[in-house]
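Here's a quick briefing to read alongside the model. Take a look at the structure first, then come back for the rundown.

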Amino acid sequence: MSGSAILVSCSTLPEGDGDEHAVPEAMADLGFKTRWAAWDDTTVDFGAADIVVLRATWDYAERRDEFLSWAETVPALANSAEVARWNTDKSYLAELGDAGVAVVPTTLIAPEDETPRWPKGDFVLKPAVGAGSRGVGKFTAASAEDAASHLKSLHSEGHTAVMQPYQSSVDTEGELALVYFGGVYSHAFSKAAMLGRGREVDESGLYVTEKLGPVQPAAKFRALAEDVLDATAALLGILRAELLYARVDLVAGPDGRPLLLELELVEPSLGFRQTDAAAAWRFASAVRQQLA
């Protein structure tokens, strides 16, 4: 099988962040001619490609309606426009929680809602539509006034806010990201704590001091990640194999039980630099599977 593939980026990072450096060669070995293109580049005929893969579209949060309208015009998009619409609004966490998945407790606060009762411990406020760490704030019970101000700021920008208790395990253990290609587990990596003062932020709004490293997840984390993908497929009415890629971000709860922090199906770094070289081959194989 041969074909053409476009890896989709944004104008500020036209060829991603470098994580996929080995992917074009791996895809070439399997017969694909691969190129990068920003999603809003009007000179590119995305419809002519055999497959169009969302990879570094990190400006979608500010232009979500425009981004989703574009996605719906691309017939061979992976992951699909339907998946993108669902996953670019963090209210999906509430849906997964309702479906029985162990998620970090999530409260959605719409602009028309009353100011909530703040948690007694540390908590996080962030926009329901957002990429990276933009608009994310960490607060304590003693800083309720700051939290109210941050919430007002999010609402003034039209955002529904997400409120979650801060998981202290992030400070010591970090987050665990499990990566799947075509619904099949590939590898995992850890991410150091992202919230706090004095962290440098790049032009895309991502922390450049983020520390990543390979890891072998314990069985209970693997099991939850599988539950997350099964529940997601059921909610969307698709097969797991229809997800070209998925990154399941987990943390340990107060009792050590794993909890879903985020499910990334649109534009996450997939940790190719944090795992074995064969991961790029596994990804390329999953691309062929999508076309088959």
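What follows goes from the chain as a whole down to one serine.

Keep in mind that this is a predicted model. The chain has eight helices and 13 strands. Its radius of gyration is 19 Å, close to the 19 Å that the globule rule gives for 292 residues, so the chain is as compact as a globular protein of that length.

**Overall build**
- Looking at contacts with a separation of 6 or more, 70% are between residues 24 or more positions apart.

**Inside and surface**
- Buried residues make up 53% of the 292 in the chain.

**Charge**
- On the charge side, you've got 25 positive and 43 negative side chains.
- The centres of those two sets sit 4 Å apart.

**A closer look at S186**
- You'll find S186 in strand β10, which covers residues 184–191.
- Is S186 buried or exposed? S186 counts as buried because its relative accessibility is 12%, and the cut-off for buried is under 20%.
- The S186 side chain makes a polar contact with the side chain of H187, at 2.7 Å.
- Setting aside neighbours within four places in sequence, S186 is in contact with V179, Y180 and F181, and also with A279 and R282.

Notes
Residues are numbered from 1 along each chain as its sequence is written. This is a predicted model: local features need pLDDT of at least 70, side-chain atom pairs count only at pLDDT 80 or more; totals for chains, interfaces and linings use all residues. Side-chain values use heavy atoms; hydrogens and water are left out. Helices (H or I, at least four residues) and strands (E, at least two) are DSSP runs, numbered from the N terminus. The radius of gyration is taken over C-alpha atoms; the globule rule is 2.2 Å times the number of residues to the power 0.38. Buried means under 20% relative accessible area, exposed over 50%, partly exposed in between (1.4 Å probe, protein chains only). Contact means heavy atoms within 4.5 Å. Lys and Arg count as positive and Asp and Glu as negative; His and the chain ends are not counted. The place of a charge is taken as NZ of Lys, CZ of Arg, CG of Asp or CD of Glu. A polar contact is a pair of N or O atoms within 3.5 Å; within protein, one must be able to donate a hydrogen and the other to accept it, and residues adjacent in sequence count only if both atoms are side-chain atoms.
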